[in-house]
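Subject: Structure handover

Hi,

Here is the structure for you to look over. My notes follow below it.

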Amino acid sequence: MPNSSQSPAPEAQAHEPRVVAFLCKWCSSAGSDLAGVSRIQYSANATPITIPCTGSMSPLYVLSAFNKGADGVLVSGCHPGDCHYMEGNYLARRKLYLVKQLLQFVGLEAERFRMSWVSAAEGAKFAEVIDEFVGDLRPLGPQTRLKAKH
Amino acid sequence: MEKILSKDRLREWVDALDDCEVLAPAFADSVWNYARVEAETVIDLSHTNTINPPKQFAFPQREVFFRFERADGVPRLTPTLPDPRPTVVIGVRPCDGRGMPRNDTVFSKEFKDPYYWARRERLVLVGLACNQPHSPNCVCQSVGGAPHAEEGLDVLMTDLGDRFHVKGITAKGGELIARGGDAFASLQAGDPAEVARVHAAASSHPQRPVAELGTVAEAIRARFDSPLWEEMARHCIGCGICTYLCPTCHCFDINDEVTNPNHGTGERVRTWDNCQFPDFTMHTSGHNPRGDLGSRLRQRVAHKFLYFVENHGTQQCTGCGRCISECPVGIDIVAVVDRVSRA
Amino acid sequence: MVNVDALRGYAADLLEKGQVRAVIGYRRGTAGVLAQPCTIDEAGEAETLVWDPTCLNNLARYLVEDRQQQAAAQTRNKTPDGRPVAIVAKGCDSRAVAVLLQENYLKREDVVIIGVSCEGSGVIDPRKLAARPEGRWASRVDFAGADAFKVTVGGDETLIPARDLLADRCLECRAAAPALNDVLFGEVVTERGLDEPFRAVKAAQGATEDARWATWEHHFDRCLRCFACRAVCPMCYCPECVVDSTTFVNTPGTTAEEKATRIRWCERSASVSESALYHLTRAIHLAGRCIDCGECERVCPVNIPLRLLNTKLEMEAFEQFQYEAGRDFGQASLLSSFRDEDPNSFIR
Amino acid sequence: MSKRTGVFVCHCGKNIAATVDVKKVARELAKDDGVVFCEDYVYMCSDPGQGAVIDAIKENDLDGMVISCCSPTLHEKTFRDASELGGLSGFRCEIANIREQCSWVHKDPDEATDKAIKISRAAVRRVQRNEPLDPIGVPVTRRALVVGGGIAGIQTALDLADAGLDVILVEKQSTIGGNMLKLSETFPTLDCSQCILSPKMVAVSKNPRIRLLTESEVESVSGFVGNFRVRIKKKAQYVDPELCKLCDDCSQVCPVAVPNEYDEGLTNRRAIFIPFAQAIPASFTLDEAACLGLKPVVCGKCEEVCEAGAIDFDKRPTVFEEEVGAIVVATGYDLYGMDKLGEYGAGRYADVLDGLQFERLCSASGATEGHILRPSDHKVPKEIVFIQCSGSRDPENHCAWCSKICCMYTAKHATLYKHHVPDGQAYVFYIDIRSGGKGYEEFVQRSMEKDGVIYLRGRVSRVYEQGGKLRVLGVDTLSGRNVEIAADMVVLAQAMEPSKGTAEIAKTLKIGLGKDGFLAEAHPKLKPVESVTAGIYLAGAAQGPKDIPETVAQASAAASKVIALLSKEELHHSPTVAKVRDPYCTGCAMCVDACPYEAIGLVGGKAAVNEVLCQGCGSCVGVCVRAAIDVKNVSQLQIHEMISAVLAA
């Protein structure tokens, strides 16, 4: 049986979550830059991958990250109406809503996939989003459900 | 060795095999399939045939050949031979029992496949004779088998109502029965006759004939270029059901599964493959020698009834009927062989 | 009631007059009770057409096959026969045709839809039939009004309540007659007292997270990766599946670089993780495209409840985005459109 | 695919090296597949650092380069240029951001180093599959469109024409001049607004390079930077400006009277009228909506009396299609709706006015010919209250932003009032006085000290009428007392908001809006006049509240950007655009629907990308279920490899 989210195994307590953060180039990546410029400290568990726009997110990126062992996947883009490409974040929102619903439906822990809107001006929010996410992931222990077992 | 096993003592026998992985048919998700026998399992041998044949226990769908990695720029390989616990499969139907020796031939004739044999040598098949056919598509007798055929099985059990007649066929089978000890009783006077009667009754159920079995190979050869193949395959959707469920299909693919792309770490893996997938014969050039549905159907049927006969002296099909019953579009190997033979 | 003779006559007439190239329909199979797909090229063969509750296949799958063959013929510089193909279509099948039209895979003038009503009922689930005594030996199943099927075993005919044999998808069907058709045999029945739409998926999502995963881990573990679900699906017509390159697009023009750079999203190993990746990707790629013909689940040899994955997303599409696949072939697809009021509260 | 990748890890002095073990990053990266060169260096962006990049490429025959350093927004161009100098395509150089996204935000050296390795590794995997692309060259149409004929649009058009460019100036109303034309005097100099604006308006009308289209609107825009195609719709021109002699005979006979929007509704006008004497084009105009009926003609009196024969009721709207290389949006502002300030009696009491109405009262061309009189009874107000931040700086109820000019114009209004009514008393309720600007603070001080305007720091809670007076209840937070003033007139310094139609024009032009509805600039600091869409620029209050000098400066800045853009022989467009993998495409057109730029069409049943229109956003990639489309250099394969690299144990 896989680890239950209610009762993580003892070794899970010590597990440092590994997060892949897909950041749109214009807002959230710029927001993370601002967090840096402002020297706002946050958890180092999330590794950013910059994409042109959340609209370019293929659902496969999310599934693949879980397959390769991500404990959490974050997709962060521009607030509605603020997309550099006008509409990409709206397309992403609809698509990733469905991805999230599907992942939850098969029983992946709901907390493991998250989406956020972080603008270029929201360095502090970027740091909060990462810290909250990592904080929520920590009690879940390692993601074993969709991870490939070699 | 022949014994009688009261149905209520079957569990006793299984419990005696505590160093073995024991599998038996279980009805779950509306299908019969092999499942590990656990302490709480109630073994139910009223099964029709299992959806998967037992070939997976010697030829699993995924087998790791070796691991590879690169340390300081030097590649290193670590072979990984399987080392399974002895595995006992209970309730194997005789058609599936006949499938195993055919697979054994394939995996040993020119090259003894160490991965296959590491598992196969520790595999014991306990058959259960069929007292009546499970479906209109059971054609074991039409391809040279029987509802109580012993070929390939280590033990054959026959259901006599409240008890099984249990016959050790191989030495492995005999040993397995011996481990049951007191659970087994000796045959009573009437038992051999009762067994014979049950077997005869089972054999008397009519089955669909597979043409004139002896002439099928020649007929296929003669109609190799017939447009019939394309016509019969016209609605084939190219899935893997007929081959993956076949007790004797054994084709595979080999891939490297990379686990760490930065340092070239991974495993070389064998997985099932099958001739009905369009890319099975795809060349790197883009040319596909079996590019149409007809040639792929022909390959499957000819492998069973022509090539295997040529190479190994017997039909590869054992008449289990799975490929007919489970085909999503009603492609029926009996009808195909029949049409080719009569064309 | 669908008059099967009239249907045969209509098909024969289309072929006779040369109005269609072929008629894709159902005929009796050679093994077992189920009808099987057939393609009729000559009027004389139309006599073999049948329509009964064992006509399970979604024949739109063969429109895809047909288009691929037409395209292949064109590349071989043969002049393709430009006439349309006729197809016998149930309600769900006609929705599949609508999606193919929406996605420009077909043109409306390329297909003649011979609609058949499911008589207010639907088609059978062969597993439910086989689970009944003697069910495996049935030789015929016929409609007997909306509420029952007439099952013939040997010489005996038995009436069985429709609910006991109906395929799950038919129990939840919202349109048991094809809305998109060129001719319709049988009556349009809209009121059906069976199950609510999405009943099964709603029940499934009521389980706890751990229970849901235990269920799906069990199913993904059982998957054989025979790809019958994909092969039977009329919407899975991609030249190459992104998840498992079982159908390589390899042409003389394919460069070595392209061959070397196929993305291995998923390994061929039939393990839980890889099968999960396959099925989840397939589900999300069918979002807004699945018309719930249930064929994927019907053909699955190990009976994985694949329909649930698709209907889950169709339910979300319907409830959150008021989108129904196959409702209107002029609509923008689910994922290439959006509305300002789409759900946003799940986003931090 | 790159097989000889080089990696440089920058210390950035201590900025990176204090937290990230740069030596370890270099050591680890050196082990990765395809990495043949890996070093750390103290300041990569320095001249020797860039030189090291060039040398490394040459000496090691590198075909890919990763610089692990600061954000790519800073030095991506630097290192791509250096790569080019080393003989390597700039597109084969990628930045791994290990400063903003790593060393600056993490304290633990082990964690930061580990993350820096992952970030760098992902960049290596990406660059190894980058294509060496060439920029896409596009011809340029040397002509510009200016949308909006207020001071911003006028200044832009004049500057562009001055530089020898042809300009189309589109204005929705029947005269150019915008809000500035309504003002009486301007702060802090108190020169007459119409006097300083009208010469520029005349210059527009006389400039042969400027084609002025009033009563016109942009219907649609297609194309891209350097090559836009715009459709402009001009309302029916019932009065021919060429023939109109401005004799006023027509309006004399017109039986219709409607509120005059050019006088902020303080007076009425006829259905045929001229907005201002200084209107450009200098012509009467016929208000179709107010006229008793044109089709069929119901009244027709004006046509009968027009000796010049300038009136033709059979005119129809016309639609132009024009090609331009650049667009400047100068659609200006409106005042925040008075109807939303019910608590101040706005809309209820005739003597509660907004700032523009007060301008009209003060203006010699206004209803009262420059006398400040109460609209209700035409008496001179002796006590007058000005309320600042009316609708501004109130995120809960109204607008969150500061409208920037109200402090100054209120001071101006109070001063003007004192000049008109020396014995009257002016009160100003304010939150803060924001008087940044040359001569601005002095102006406010003068209004207090010289003109005796009483400034009360605090908000007004309510305005109601009692005994012919407007009773203003407020608080003076400096003295801590409640204040009640019996006023004759109240003037609300209404917030500035984007003009009506700003959202529509933004949608038409495919440029972004900020949360507040003002047009979004491409970068708040470094690209304040560029919109997010290349080739479209912003000027004036449509981009955010600003006063006249700032507007004029931004207008000239926008013009100079356009001039620079259109001075090029051809434009270069980023080549990281979408690319269709033909054999995989089935022509389902989901990408066509998803593309925000109409850059994808179906050609021969397959998707085809117009590389010039494509902005490389990847919306197409996200919707294509067949993975038949990719954005160059951020392909799905590259993302896949990056995910693998990041997660590999």
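Chain C first. Its secondary structure comes to 13 helices and eight strands. Helices (H or I, at least four residues) and strands (E, at least two) are DSSP runs, numbered from the N terminus. The radius of gyration of chain C is 21 Å, close to the 20 Å that the globule rule gives for 348 residues, so chain C is as compact as a globular protein of that length. That radius is taken over C-alpha atoms, and the rule is 2.2 Å times the number of residues to the power 0.38. The C-alpha atoms of chain C fill a box of roughly 60 × 55 × 40 Å along the principal axes.

Two conventions before going on. The model is predicted: local features need pLDDT of at least 70, side-chain atom pairs count only at pLDDT 80 or more, and totals for chains, interfaces and linings use all residues. Residues are numbered from 1 along each chain as its sequence is written, while chains are lettered from A and ligands numbered from 1 in the order in which they are written.

Of the 348 residues in chain C, 56% are buried. Buried means 20 or more other C-beta atoms within 10 Å of the residue's own; exposed means 12 or fewer, partly exposed is in between, and C-beta atoms are placed from the backbone. Take the contacts in chain C between residues at least 6 apart in sequence: 70% join residues at least 24 apart. A contact needs C-beta atoms, placed from the backbone, within 7 Å.

C:Asn303 sits in the loop between helix H12 (295-299) and helix H13 (306-321) of chain C. It counts as partly exposed, with 18 C-beta neighbours inside 10 Å.

**Chain A**

Chain A has five helices and four strands. They run α-β-α-β-α-β-α-β-α from the N terminus on. The radius of gyration of chain A is 15 Å, close to the 15 Å from the globule rule for 150 residues, so chain A is as compact as a globular protein of that length. Its C-alpha trace spans about 45 × 35 × 25 Å along the principal axes. Buried residues make up 73% of the 150. Among contacts in chain A between residues at least 6 apart in sequence, 84% join residues at least 24 apart.

A:Met86 also has a positive phi without being a glycine, at about 70 degrees. A:Met86 lies in the loop between strand E3 (72-77) and H4 of chain A. It is buried, with 25 other C-beta atoms within 10 Å. For context, most residues other than glycine have a negative phi, and most peptide bonds are trans.

H4(A) has 18 residues and reaches 26 Å from its first C-alpha to its last, close to the 26 Å expected at 1.5 Å a residue. The expected span is 1.5 Å times one less than the number of residues. In H4(A), 17 of the 18 residues are buried, so this helix is largely enclosed by the rest of the structure. A:Gly107 follows H4(A), with a positive phi near 100 degrees.

**Chain D**

Helix H6 (residues 151-162) and helix H14 (residues 548-566) of chain D have axes that come within 8 Å and cross at roughly 35 degrees. Axes are lines fitted to C-alpha atoms, for helices over the stretch in contact; angles run from 0 to 180 degrees between N-to-C directions. The residues of this contact divide into 10 nonpolar, five polar and one charged. Ala, Val, Leu, Ile, Met, Phe, Trp, Tyr, Cys and Pro count as nonpolar, Asp, Glu, Lys and Arg as charged, and the others, Gly among them, as polar.

H6(D) is largely enclosed by the rest of the structure, because 11 of its 12 residues are buried. Those buried residues pack against several elements of chain D, including strand E6 (143-147), helix H7 (193-206) and H14.

Check the two cis peptide bonds too. One runs from D:Phe187 to D:Pro188, with omega near -5 degrees. The other runs from D:Ile280 to D:Pro281, with omega near 0 degrees. D:Pro188 is in the loop between strand E8 (185-186) and strand E9 (191-192) of chain D.

Best wishes

How values were computed. Contact = placed C-beta atoms within 7 Å.
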